[in-house]
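Got your viewer open and a selection tool at hand? Let's take a short walk through the fold, one selection at a time.

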Amino acid sequence: MKRKLFPLLVGGVFCVVVMSLYRMLEMMQGAELQHLEAPAGQDFYRLQQQIDKLERLLSANNRLVVTLRDSLLHRQAPQGGGGAVNVSAGSAHSPADAPPGCRLAQGMKGRADGVQLLDVYNLLPFDNADGGAWKQGFEISYRGNEWDEQPLEVLLVPHSHNDPGWLKTFENYYQDQTRHILNNMLIKLTEDSRRKMIWAEISYFSKWWNDIDEQKREMVKRLVGAGQLELVTGGWVMADEANSHYFALLDQLIEGHQWIQRHLGVRPRSGWAVDPFGHSPSMAYLLKGAGLSNMVIQRVHYAVKKHFAQQQTLEFLWRQSWDSSPRSDITCHMMPFYSYDVPHTCGPNPAVCCQFDFHRLPGGRAMCPWKKSPQPITEQNVQERALLLLDQYRQKSRLFRSHVLLVPLGDDFRFVEASEWDAQSGNYQKLFDYFDQHPELHVKARFGTLSDYFEALHRRLDAMGTALPALRGDFFTYADRDDHYWSGYFTSRPFYKRLDRTLEATLRATEILFSLALAEMRRFRGDGLLVADFPVREHFRRLTAGRRSLALFQHHDGITGTSRDPVVVDYGTRLFHSIMNLRQVLQSSAHWLLLLDKSQYYHNQSKPFMQLDDVISAHNALPLKTPLALSNEPRSLIIFNPTEQLRSSVISVVVDSPDADVVDATTGQPMAAQISAVWAEPTQASTEQFQLDFVAELPPLSLVVYHVTKASFGSAHRARYTFHRRGNPPAVQSEHFQVSGLERPEADAPLSLSNKHISIWSSPETGLLQKLRLLPGPVREVQVQFLWYGTQRNQDKSGAYLFLPGEEGAQLYSSSEPPLVRVSRGPVFSDITSCFRHFTHTVRLYHLDGHAGRSLEISNMVDIRSEFNRELVMRLVSDVANGNRFYSDLNGFQMQQRRTLQKLPLQANFYPMTSAAFLQDATSRMSLLSAQSQAVASLRPGELEVVLDRRLQQDDNRGLGQGVTDNKLTASLYHLLLEDRRGGAEEVGGASVEHMSLLAHLTSLSLNHLPITMVAPSDSQVPKLRPFLPLRSSLPCDVHLLNLRTLEDSQESDSPSQEVALLLHRKGFDCSSAPQAPLQCTWSAQEEYSSLQVDLDRLFSPLRFHSVRRSGLTLLREDDQPESARQPAPPHVARLRPMEISAFRVEVA
């Protein structure tokens, strides 16, 4: 025991000494800065040089501290119930001593409170019976005296759903329709104080605001203040809830809410999501965290709507599956009928309701398809019309528990013309007046907003003593009629789904580095001001534009891939330009942070000091590596680690020499490296470009400098290649690499690769994976297959929205000629590449000790542009006995159990996968982690399949008016993880709540936030660079730095404030899946997880916070903790609950 404790004690003392010395230097620098009158003076410069010299000497030790501290801390055990304690991720746990993230999941297993949507699906027959007037429902009856004691209270809510891109681009919709709608709204609401309206899309509203004068802005503020105009949800767009990642969902909410607060001084109270194609509890969680109390949803499977209507549970408290408390509850209203348009909102009979859409009066362009047109309300017909409408209101009211009724009045792009306002409000007001004049009808009707409705609802429920039921689960996969399941859009336009995630990762990395750069500048100057030469306002505008481009694409016709071709090009161009602009901010921020002599900083937009190592030439092109010209003079590579974890990463660059050396620029230590071929064609290696891969140890959020030089001939480790093609041996052109073929009997034996953690075997004929062994365990079956889906032969066919596969189901991919198989072996990585006609598939093992070595990287390059009505699928076939249950993620935020049901058509069993899916049984779990969103299914036990691309020649009759034929050469990237389960293993699928393992979380983090490589000029006059190491150690591995987002100055627009939004997500994790060898990782633990207190200063040391104030998720000031709770000085202590996102308004130093 003493032998084990001694090295730990020595290591601990070493850490304390080194960190104390670093702290002393930091304090010396701060003390000197306080006495300086002129920051640019000679005394300051000499002092800075002295400190920089000392810091250079300490840099290597400081990086050693990061590694040493992380490796020591993960061995510590829980120490009572005081502060946050780090616990090893590799230790085995019994249920009694399981750490908090584990207890959270275990505590939720088998909970029976509230309605579980999985159970509803088990109950429903999905028989699609004809319901009469309400075709998808049932006949509704009432006696007539139900409202005698409590009158029916009807709130008619005018709205206009404005898609920020669909059939037209965002700009064209705005010019042609939206600006007229908002102009009319301003005039018509001002004319009559009884009129009201709700508006959702802040992207449009903010653009219109910029166009109107100050007088009209004051009118808008008065309408908002009077409650006539309500901004609902307050997001930049009405976001898709299937494909969008929770980072982007929250970011577009922040962008919208911050705009509303700045310009109108109010905050949204209710959510309005009438057009997203299915609904996620992740969005409900974000809305609740942003301060909203209520929400409305519409697109839910028609059979689920019918069931909820029968049970009078269309209004419920939506609760998170993982939350045992009501803390996350949000009141949710589900619209009961087919659509959000007027024919489907007043009551169950659309033929009647359409007669009360006065936009369709005779003589206009719109008409009712049921052949009964609206009539202007007159004294002669008002009684008959009022009673006909009241009958619909009463029938609809019987589906709810209260006598308060929500009736939306609107549709897509309504109220473009002022005459529609007059027709709708004038005729309805006559009906309302009639109701008022006849109290025997027991109905009160008026125009209202969502807030008006929910206030009346809660008031009535409280008076009745009625509580709404709690519900857990999600509303995927949506079907609007028959077997028309909207699972096609989970994959449509996959090229842009991948580009979306590229922008997301670039934006997050840039936000963090920009915030750190500004904080460092203020520290450097000592007076809180920024460096004059740094283009801070210009960069902040680029950041804002990047945020808004990402936000716009989250629209439910953007990331979904359901817009017309020119609109997709417009979205793609915006994403592309934002990536380019954010790269400028990233490069400039890194430039300043890395300079040893800050006076040497300059900004030259046309010739930046650093460039990223790849180039994206257009919105529809994949990135290409820029070759580095090597010489005996070292080229500086700057690597930014955008994650909060110390990581071992393989950095890949293209060079012009087959011989190269890489060293750590600070220590001179050589890095493990490998030279591989750049294949111009599958069998032709470039003679001018070579791929250099080396292993980099990257501290959290660090900028690390490496030097690359041309090496002597033969000094670099070169990959060795084996080629094979059944029946047609390839002729390979490779001047600089050892190449061999497969001869019998070797040609018939499986191809194999292995590292310290995994061994794999692949087919010698196809190169596709067949078996996998997690060392030292048994060999497991894990096969990779590719398949085609066709579409139905009748009139209903697959399109952008719908997946309607042919009766034959999936057909195994076959090729007229066998694929070329190329095996690469080297010291850094080894891989097997299979070149088929429609895709190139690669499986790769990294020879790394960390978590990157414990998964299998899978990449595909897909091109189906030659195909007709086909969808390409990659299927994994394993021996995992998962039954009919599997798990897919919701928005990268949480896992949701799925059940494959035979009573549903094949297309109904596909679900969205934003970033992860897994199968599990009592002894093992197989996880597929993804860098892009797409459809996923587990149609048979042991199988998991993802749809890679879709090419469909026809429209699917949902309004788009075209097929999906703009396919691109598309890349997809995954990590496959096989883990043993132990300790907490239970009956297969026995729990509806499961989390990813810590290893899966870390792997997914690395997959979605790759290191960013920048290249300094080859010029020998390059100034001295030093690493930037903002954190002394990794954050606990269950705490994710979601963002460090610089906020806009409250006084000066387009300028950054000193305040930063610090967003932390403490993840829940599963402890029954853990590798035998412990991870280099720590987690937060405490005796009572619900009261975990975290010292933010210690967590982020040596960063310092001048002040910390907890806020809502969108950082609205009225959500801030009161001034009395603000923590102006250390320690800054915060509570982080598992699964929760916490937001803080901080000033970083």
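Buried means under 20% relative accessible area, exposed over 50% and partly exposed in between, with a 1.4 Å probe and protein chains only. Helices (H or I, at least four residues) and strands (E, at least two) are DSSP runs numbered from the N terminus. This is a predicted model, where local features need pLDDT of at least 70, side-chain atom pairs count only at pLDDT 80 or more, and totals for chains, interfaces and linings use all residues. Residues are numbered from 1 along each chain as its sequence is written, and side-chain values use heavy atoms, leaving out hydrogens and water.

Start by selecting helix H6, residues 202-211: 7 of its 10 residues are buried, so the rest of the structure largely encloses it. Among the buried ones are Phe205, Trp208 and Trp209. They pack (contact: heavy atoms within 4.5 Å) against elements including helix H5 (170-191) and helix H16 (536-553).

Strands pair if DSSP finds at least two bridges between them. Six strands form an open sheet in the order S2-S12-S8-S9-S7-S6, with mixed pairing. Strands S2 (115-116) and S6 (270-273) are its edges. S6 runs parallel to S7 (residues 294-297) over 4 bridges.
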